[in-house]
Amino acid sequence: MERIGPGIDLAPPPDGSLDDIWKSADLGPATKCLRDRNTGEMYALTPPDLSDAAQIIGLDGTPTIELWNLLFAPESGFDHQQVIDREDFPTYLRSSMNMSLIQIGDGWHPYAAGNISNSDSDRFAAVQALEEDPFALISTKQALERYQNWGLLDTFVKRTNSEQETDDNRVSDAHQALHYATVKSSNDFETESLGVVAGMPHPGDDLVRLWAGLCGEPVEITRSDDVDVEKSFGDLGDKIYQYFAHDQVVQAVLRFGRDETVFENGGATVYISTYALPDWFEIEAEFNVQSRELEGAVLAKLFEIFQQEDKPDRALRSITKIHELVNEDDRLKADPSKKGVRDAIKRVVEKDYVTTEPDRGKYSADLYRWDGDGEILRAKDGTTLLHVQDDIHVLQLGGEW
């Protein structure tokens, strides 16, 4: 073995110095052996025996060519032909698959070791309330196990047909839920018209370093100044990371609505709760699910007052009055301070659905009123939500609004 980078030894080394020895041992150019010096573990890459094949065709919508060449064509490389240009892919999804994509996350959400977001139950409730149906779900295996333990699969996820064959790799045979490791090339959800892809798979640094090492290249991890990119693994390392993270999210999205019966009946809608998507992937809409208790209480009161009054001017209220009304409501877990109400008002005023009338009140106080098109949604678990434009506010916190 020869060292090719920090902590990685490889045989045969990429300089070709051991090729004759390798061939004399009856080992092909795709067979690699790698040692992680940090752990002492060794890995053997043994490609499938395709010696009887006259030709190899690989089908992959999100290919990482270096990995295909590593395993199947180390000497000549694949002749890569892209059927759909990346800039045309959004059109393909809309026109050929009749698919609508909606972002419902507010971050990357790398779900490693089952570290799911505490807001996922609210996001699931929002999807179910908007669509009025349970959905099929794809996430990481450990995230699905956590959802099952929390009862979220029973509450929100579509149940399997009792006669349907189930996969031994599924976390739950009772629900339409798959984890990322099982979705590529899967048609289990081809007739599902409503799906959720929750969080992203998160390959660790060691996995990226291992596969780059098998390709004969070292990985130098550097921190990035870009707020959307935590770190960089170099040119090849970044491609490998994208493959194990972003590309798997794309593959999960593409599992839904593949059957022509879905296309003919309005197409599929897929909600995605992670920003881990390639640049060429296009989202049609984004919903922000807000779970702040006091902000939800303030909005609920403004919305309630607006519905009760027959004229908009009669729905105006000062911060003092809003604080009084919210404070009288025993559904909040704790009594709010006037400053807390003022801060909540400041946040919602930035939205188009709350209007400020400066100096209209007593002693020149600013007045506020609801000024948006909103609707109350209720999920089947009892969660009450206020849907306004692109925002969905959770209003049930300690009681039903």
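1. The accessible surface of the chain is about 20,900 Å² (Shrake-Rupley method, 1.4 Å probe), and carbon and sulfur atoms hold 43% of that surface. Of the 401 residues, 45% count as buried, that is, under 20% relative accessible area with a 1.4 Å probe, protein chains only.

2. The model is predicted: local features need pLDDT of at least 70, side-chain atom pairs count only at pLDDT 80 or more, and totals for chains, interfaces and linings use all residues. Residues are numbered from 1 along each chain as its sequence is written, and side-chain values use heavy atoms, with hydrogens and water left out.

3. The chain contains 13 helices and 19 strands, taken as DSSP runs numbered from the N terminus (helices H or I, at least four residues; strands E, at least two). Its C-alpha atoms fill a box of roughly 95 × 50 × 40 Å along the principal axes.

4. An open sheet of mixed pairing is formed by four strands in the order S13-S19-S18-S17, where pairing requires at least two DSSP bridges between two strands. Strand S13 (288-290) and strand S17 (374-378) are the edge strands, each pairing on one side only.

5. Within this sheet, strand S18 (residues 384-388) pairs with strand S19 (residues 391-394) in the antiparallel sense over four bridges. Here His387 stands opposite Ile392 in S19.

6. Helix H4 (residues 120-131) packs on the sheet and touches S13, S17, S18 and S19, contact being heavy atoms within 4.5 Å. The direction of H4 makes about 70° with that of S18; axes are lines fitted to C-alpha atoms, for helices over the stretch in contact, and angles run from 0 to 180 degrees between N-to-C directions. Helix H11 (residues 293-308) lies across S17, S18 and S19, at about 105° to S19.

Conventions. Buried means under 20% relative accessible area, exposed over 50%, partly exposed in between (1.4 Å probe, protein chains only).
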